[in-house]
Amino acid sequence: MDQDYERRLLRQINHQNVPEACSPVTVKSGDRFIPTRAGSNWSINFHYANENCWSPNQNQRAKDASTDTGKDAVAYAALLRNELLGAGIETVPDPHTDDRRNAILTQDTHSLFRVTRLCDLSVDGDSVTSVCWNERGSLVAVGTHKGFVQIWDAAGGRKLTSLEGHSARVGALAWNGEQLSSGSRDRVILQRDVRTPPPVERRLQGHRQEVCGLKWSPDHQHLASGGNDNKLLVWNSSSLLPVQQYSDHLAAVKAIAWSPHQHGLLASGGGTADRCLRFWNTLTGQALQSTDTGSQVCNLAWSKHANELVSTHGYSQNQILVWKYPSLTQVAKLTGHSYRVLYLAVSPDGEAIVTGAGDETLRFWNVFSKTRCTKESKSVLNLFTRIR
């Protein structure tokens, strides 16, 4: 490989040579959580967590495994096609050929995508304010600015039903089996079983301002909700009143995530006036660790493979951070978005994430690796260690 080509290749991997087509467009004004999408022209960027993002120990491990870099690039491209994009099964090429390496790093990234328009609410003077897949990946719920919740069969491209009940925009959705919870600016959480026509409805009223975040626990027994009133509430599957309330945040709570590794462990993040990640033992109602991230916390998601989580941020740094738990060591800092990173989704295999921001770009990151799995700590000081 000649030196000029090698330098260009390294610049591309380190995100220093961003294609002009992927540069952010002019930021449009928007409210606190839902950016204006008028005239949206979303760009797509692909990123690997590069060597400069990791700690010194991880840098050394990355160098030791440098011979696998090409293989990871090919596997990641196949991941995007197969799991994130639903484009059918793709064979991973031989990782030992130079032609394969060059092709993957220089191909047009837009060719990886098959974009299908599911719905256009503008014809009804409405707009999308939230989306959420069900656990099987067959249905997608769509919350709208006018307060409707639509259920769509994604594969068939048809709307199954449109649910009323909210009087303002629906900014948060969460599936729990066949039940769908929706949170609105009207301060109400509606829980409905979509199998019954009309759906059986439960109204949960506990927030005094807009409901910004909703997440069901992995055991399907508890719903966590965050609000613009700075409150984090926990509901069980039968009560109409919250069973727990946490009031330590100093700003809106949009970012919520239950740990898949430790039963009852809940993480939450606060807005610009708070900036903190906080962890809660919902089995005892106790507050655990907290850390100031330096920026508005917009989203949280746990790794499926290790005791780590990723957070996305807004003002003022618009960064993406990967944390080790319970030490809260910052494993990686990823930058590239020029506006707050309001949207986050994890790929089905748990290794990649996609982020969307007010800069109207979607960016894919390979942040969680199965090979970096760590066993859960068995310390007697760990409140969540199971007693056998």
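**View 1. Lys 304 sits in the loop between E18 and E19.** In this predicted model, Lys 304 has 47% relative accessibility, so it counts as partly exposed; the cut-offs are under 20% for buried and over 50% for exposed. Take a look at what surrounds this lysine: leaving aside residues up to four places away in sequence, Lys 304 touches His 261, Ser 347, Pro 348 and Gly 350.

**View 2. E18 and E19 make a hairpin, with five residues between the two strands.** Here we step from the loop to the strands on either side of Lys 304. Strand E18 covers residues 297-302 and pairs with E19 in the antiparallel sense, over five bridges. To find your bearings, start with Val 297, which stands opposite His 313 in E19.

**View 3. Strand E19, residues 308-313, is mostly covered.** Six of its six residues are buried. Glu 308, Val 310 and Thr 312 point one way from the strand. Leu 309, Ser 311 and His 313 point the other way. Both sets are buried, so there's a charged residue, Glu 308, among the covered ones.

**View 4. E19 also pairs with strand E20, residues 320-324.** These two strands run antiparallel and are joined by five bridges. Val 310 has Val 322 as its bridge partner in E20. The E19 and E20 hairpin has six residues between its strands, and one of the residues to look for is Asn 318, which takes a positive phi near 55 degrees.

**View 5. Four strands line up as an open sheet in the order E6-E7-E8-E9.** The pairing is antiparallel. Strand E6 (170-176) and strand E9 (201-205) are the edge strands, each pairing on one side only. Ignoring direction, neighbouring strands in this sheet are turned by 20 degrees against each other on average. Now zoom in on E8, residues 188-193, which pairs with E9 over five bridges in the antiparallel sense. Across that pair, Arg 192 stands opposite Glu 201 in E9.

**View 6. UniProt lists three stretches as "repeat: WD": residues 121-162, 204-236 and 334-367.** That listing comes from an unreviewed entry. Two of the stretches are picked out here. For residues 204-236, the end C-alpha atoms lie 11 Å apart, and the span is 58% strand and 0% helix. For residues 334-367, the end C-alpha atoms lie 9 Å apart, with 47% strand and 0% helix.

**View 7. Zooming out, the chain has four helices and 24 strands.** Of its 388 residues, 47% are buried. Among contacts with a separation of 6 or more, 46% are between residues 24 or more positions apart. The accessible surface comes to about 19,400 Å², and carbon and sulfur atoms account for 50% of that.

**View 8. The mean pLDDT of the chain is 77, with 66% of residues at 70 or more.**

Technical notes:
Residues are numbered from 1 along each chain as its sequence is written. This is a predicted model: local features need pLDDT of at least 70, side-chain atom pairs count only at pLDDT 80 or more; totals for chains, interfaces and linings use all residues. Side-chain values use heavy atoms; hydrogens and water are left out. Two strands pair if DSSP finds at least two bridges between them. Axes are lines fitted to C-alpha atoms, for helices over the stretch in contact, and angles run from 0 to 180 degrees between N-to-C directions. pLDDT is the predictor's confidence in each residue, from 0 to 100. UniProt positions are given in the numbering used here, feature names are shortened, and annotations may be inferred rather than shown by experiment. Buried means under 20% relative accessible area, exposed over 50%, partly exposed in between (1.4 Å probe, protein chains only). Contact means heavy atoms within 4.5 Å. Accessible areas come from the Shrake-Rupley method with a 1.4 Å probe; for residues, only the protein chains shown count as cover.
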